[in-house]
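This briefing is for a reader who has not seen the structure before.

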Amino acid sequence: QFRLAHNWTQENLSSVLCISHQVVSKWENGLTTPDAETLCSLAQIFGVSLDELCGISPQKVNIIIEEIEQKTNETNSTYHSLYSEWSIIEKHLSVYPTNEALLFSALQFLRTMYNKVETEKQKDTTNALILKIAERILDFSKNDSHRSFAHYNLALYYSAQVSLKNSDE
């Protein structure tokens, strides 16, 4: 797409990158992918970000977040209806694994799901997901409110674990 937008042939691009045009052809046909160094070079050559080069657009993420927020705010949702939506959210997270706004929306969704649990198994499943997303937020987010929400969720989990341990003793 970017090569064509610059009216370049595969040969033109391969010449700039000092590679064969067959390599460019393999990329464009999905047979291979460029390495990280070459991706950075391509982004510089075409004057785009790595996200743009890889097809990640902020507009797509914003639409996904809006959909998650809509599902989170549905008043008639049940644990089962929310859990069935979670697999869709996980797919989005696999495409955008470090997007802090998406991670935050996912954590809010899981918090809502947790509030609708009906069994201990559902509680354990949801807690495991909350832990995973909260830890990912702490790993990747620079937003203080997102990090605070992640810490809050971790504190809730660990507080419940301490209470459970004390009641077992």
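**Briefing**

Asn7 counts as exposed, because its relative accessibility is 70%; buried means under 20% relative accessible area, exposed over 50%, and partly exposed in between, with a 1.4 Å probe and protein chains only. The model is predicted, so local features need pLDDT of at least 70 and side-chain atom pairs count only at pLDDT 80 or more, while totals for chains, interfaces and linings use all residues. Residues are numbered from 1 along each chain as its sequence is written, and side-chain values use heavy atoms, with hydrogens and water left out.

**Loop residues with positive phi**

- Asn7 is in the loop between α1 (2–5) and α2 (10–17); helices (H or I, at least four residues) and strands (E, at least two) are DSSP runs, numbered from the N terminus.
- Phi of Asn7 is near 55 degrees, a positive value in a residue other than glycine.
- Cys18 is placed in the loop between α2 and α3 (21–28).
- Cys18 also has a positive phi, near 60 degrees, and is a residue other than glycine.
- Cys18 counts as exposed because its relative accessibility is 70%.

**A buried asparagine**

- Asn127 belongs to helix α9 (residues 120–140).
- Asn127 counts as buried because its relative accessibility is 9%.
- With neighbours within four places in sequence left aside, Asn127 is in contact with Tyr114 and Tyr157; contact means heavy atoms within 4.5 Å.

**Aromatic pairs**

- There are 7 aromatic pairs in the structure; rings of Phe, Tyr and Trp (its six-membered ring) pair if their centres lie within 6.5 Å, and planes under 30 degrees apart count as stacked, over 60 as edge-to-face and the rest as tilted.
- The pair of Tyr79 and Tyr83 is stacked, because the ring centres are 5.9 Å apart and the planes are at 10 degrees.
- Tyr79 and Tyr83 both lie in helix α7 (residues 79–95), 4 residues apart, which is about one turn of the helix.
- Tyr79 is buried, with a relative accessible area of 4%, whereas Tyr83 is partly exposed, at 40%.
- Trp86 and Phe109 form a stacked pair, 6.1 Å centre to centre with 20 degrees between the planes.
- Trp86 lies in helix α7 and Phe109 in helix α8 (residues 100–114), so this pair ties together parts that are 23 residues apart in sequence.
- Trp86 and Phe109 are both buried.
- Phe2, Trp8 and Phe46 are linked into a cluster by ring pairs.

**Nonpolar cores**

- The largest nonpolar core has 28 residues, and those with the most contacts inside it are Trp86, Leu93, Leu102 and Ile133; a nonpolar core is a set of buried Ala, Val, Leu, Ile, Met, Phe, Trp, Tyr and Cys residues joined through side-chain atoms within 4.5 Å.
- Two or more residues of this core come from each of α6 (58–73), α7, α8, α9 and α10 (144–168).
- The largest share, 8 residues, comes from α8.
- A second, separate core of 10 residues includes Phe2, Leu13, Val24 and Leu42.

**Packing of α2 and α3**

- α2 and α3 pack at an angle of about 115 degrees, with axes 8 Å apart; axes are lines fitted to C-alpha atoms, for helices over the stretch in contact, and angles run from 0 to 180 degrees between N-to-C directions.
- α2 and α3 are therefore roughly perpendicular to each other; angles under 35 degrees count as roughly parallel, over 145 as roughly antiparallel, 65 to 115 as roughly perpendicular and the rest as oblique.
- Residues making the contact include Leu13 and Leu17 of α2 and Val24 and Trp27 of α3.
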